[in-house]
Amino acid sequence: MTAKKARSSKASNLDQWDDIYSEKARNLRQSEIRALFSVVSRPEVVSLAGGMPNIKDLPLDRLAESAKQLIARHGAQAMQYGGGQGYLELREQISQVMTYDGYAPNPDNIVITTGSQQALDYVTQIFIDPGDVIVAESPSYVGALGVFEAYRADVRHVPLDDDGVIPEALDEILTQLEKAGTPAKMFYTVPNYHNPAGVTLSAERRPRVVEICRKHHVLILEDNPYGLLGFHSDPIPSLHSYDPDSVVYLGSFSKMFAPGFRIGWAAAPPAIRQKLVLASESAVLSPSMVGQMAISGYLRDYDWYSQVKVFRAMYEERCNAMLSALEEFLPYCTWTKPQGGFYTWLTVPEGIDTKDMLPRAVTELVAYTPGTAFFADGSGHRNIRLSYCYPEPEEIREGVRRLSVVMDHELELLKLFGGPKAKED
Ligand code: PMP
């Protein structure tokens, strides 16, 4: 009783439980993107901020009929618990889907998760103690950084260029970390149509990256939700295909189909797979059977690959609208030229701080995600992630035009009052 009193006297007036949260809860942060959601969902705002898949081309009526049939015919199984590793038939189908990445793992080595986001959480939980080092690309997916932060990983960034992560830089940072007595445990990478950078790791670099990580005994965490969404091609062989024993591969149905069923997966070497199954049993007992069976039915009964092609064409049209609007309205910026996926990465002139500029952009009815969301070290002030996945092409053009109004104004102010405002990254 006394101890309880002593504790609660330290708690804030706003939250009476403030004094007893775990370290992990204290490290959970709202991502900058989520914080934006309430503003950008207003219809008058053109949002180039979120990464919501555009599912307008899905045959919803047919899908509704399939869902009805699933429950009517297989309800007893679909509405029941399943195994922690996931539905075998779906794992077999996923293995087939992965042939597009150059290697079909044994279905035994696949674990189904609630989106690949949950797989990110499991892998981090399995490997990371507070203070352990993860090397991640510069910039990195905000949702992965959030997980790494929650587990109190020490994230170090390694630079990217237009061909993805730079192998020499990766080797150098891994060597430095070893010398400092803090070797990295994991290298986290999004090799295809990077979120947020929009670049793709070249075929030539892939075996080198695998070799470097093997040399340093660093596990590769390959996150590949966009791999099938190349505008002109199937994916380049995955890092996983070069060495399945050194890579945990994460896949997802969120972008190649739809996020609604929340089904993703991890393909891992057997020992890690065992830990992943334990993590899954502990977190959820079993992933949603109805979701897994619905996805399995979709892969079996639909021409899912033709649907992927429809998505590719739709995203390519939007990407082209974005790139030509950037040329028209923001010629003084630079940006990456995506070959697939949802995003381009903009670098703005020196002196503009994209985080500070965001409220002014929202006043101008355009939203974006400031670069700072994608770094663990506070950099990114001269960058913006622009998503072209969701708005219509003409909205994208209008959004970029509005952005240029804000940026032109910022540049005017800089001319008048001088001095670079942005922190140098
Ligand atoms: N990784 C990356 C790079 C992503 O962009 C996303 C979604 N934005 C995810 C993982 C998580 O996707 P999901 O949980 O829907 O599979």
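## A walk through a two-domain model

In this predicted model, 24 Å separate the centres of domain 1 and domain 2, taken over C-alpha atoms. Domain 1 is made of two stretches of the chain, 21-50 and 304-409, while domain 2 covers 72-299. The two domains meet each other: 32 residues of domain 1 are in contact with 35 residues of domain 2.

A database record gives another way to look at the chain. UniProt, in an unreviewed entry, places the feature "domain: Aminotransferase class I/classII large" at residues 57-403. That span is 44% helix and 17% strand, and its end C-alpha atoms lie 28 Å apart.

Now let us step inside. In soluble globular proteins, nonpolar side chains tend to be buried together. Here the largest nonpolar core has 70 residues, and the members touching the most others are Phe253, Leu346 and Met407. Helix H13 (residues 304-329) supplies the largest share of this core, 13 residues. Both domains take part, with at least three residues drawn from each of domain 1 and domain 2. Leaving aside residues up to four places away in sequence, Phe253 touches Leu90, Ile94, Ala258, Ile263, Trp265, Ile295 and Leu299. There is also a second, separate core of 28 residues, whose members include Ala119, Leu120, Val147 and Val190.

A search of the whole structure finds 15 aromatic pairs. One of them is formed by Phe257 and Tyr298, which are stacked at 3.8 Å centre to centre with 20° between the planes. This pair links distant parts of the chain, 41 residues apart: Phe257 sits in the loop between strand E8 (247-252) and strand E9 (263-267), and Tyr298 belongs to helix H12 (residues 289-301). Both Phe257 and Tyr298 are buried. Elsewhere, Tyr226, Phe311, Tyr315, Phe342 and Tyr343 form one aromatic cluster.

Lys24 lies over the face of Tyr151, at 4.6 Å from the ring centre.

Finally, take a look at the backbone. Most residues other than glycine have a negative phi, and most peptide bonds are trans. The peptide bond from Ser138 to Pro139 is cis, with omega near 10°, and Pro139 is in the loop between strand E3 (133-138) and helix H7 (142-150). Another cis peptide bond joins Asn195 and Pro196, with omega about 10°. Pro196 lies in the loop between strand E6 (184-189) and helix H9 (205-215).

Positive phi values turn up in loops too. Arg152, which is not a glycine, has a positive phi of about 60°. Arg152 is placed in the loop between H7 and strand E4 (154-161) and is partly exposed, with a relative accessible area of 35%. Leu365 also has a positive phi, near 70°. Leu365 is found in the loop between H14 and strand E12 (366-367), and its relative accessible area of 25% makes it partly exposed.

Is Gly351 buried or exposed? Gly351 is buried, because its relative accessible area is 1%. From Gly351 to Leu278 the distance is 50 Å, C-alpha to C-alpha, and the two are 73 residues apart in sequence.

Technical notes:
Residues numbered from 1 in each chain as written. Predicted model: local features only at pLDDT ≥ 70, side-chain atom pairs only at ≥ 80, totals over all residues. Heavy atoms only, no water. UniProt positions renumbered as here; feature names shortened; annotations may be inferred. Helix = DSSP H or I, 4+ residues; strand = E, 2+ residues; numbered from the N terminus. Core = buried A, V, L, I, M, F, W, Y, C linked by side-chain atoms within 4.5 Å. Buried < 20%, exposed > 50% of the residue type's maximum accessible area, 1.4 Å probe, protein only. Domains from an automatic or database assignment. Contact = heavy atoms within 4.5 Å. Phe/Tyr/Trp six-rings, centres within 6.5 Å; stacked < 30°, edge-to-face > 60°. Lys NZ or Arg CZ within 6 Å of the ring centre and 35° of its normal.
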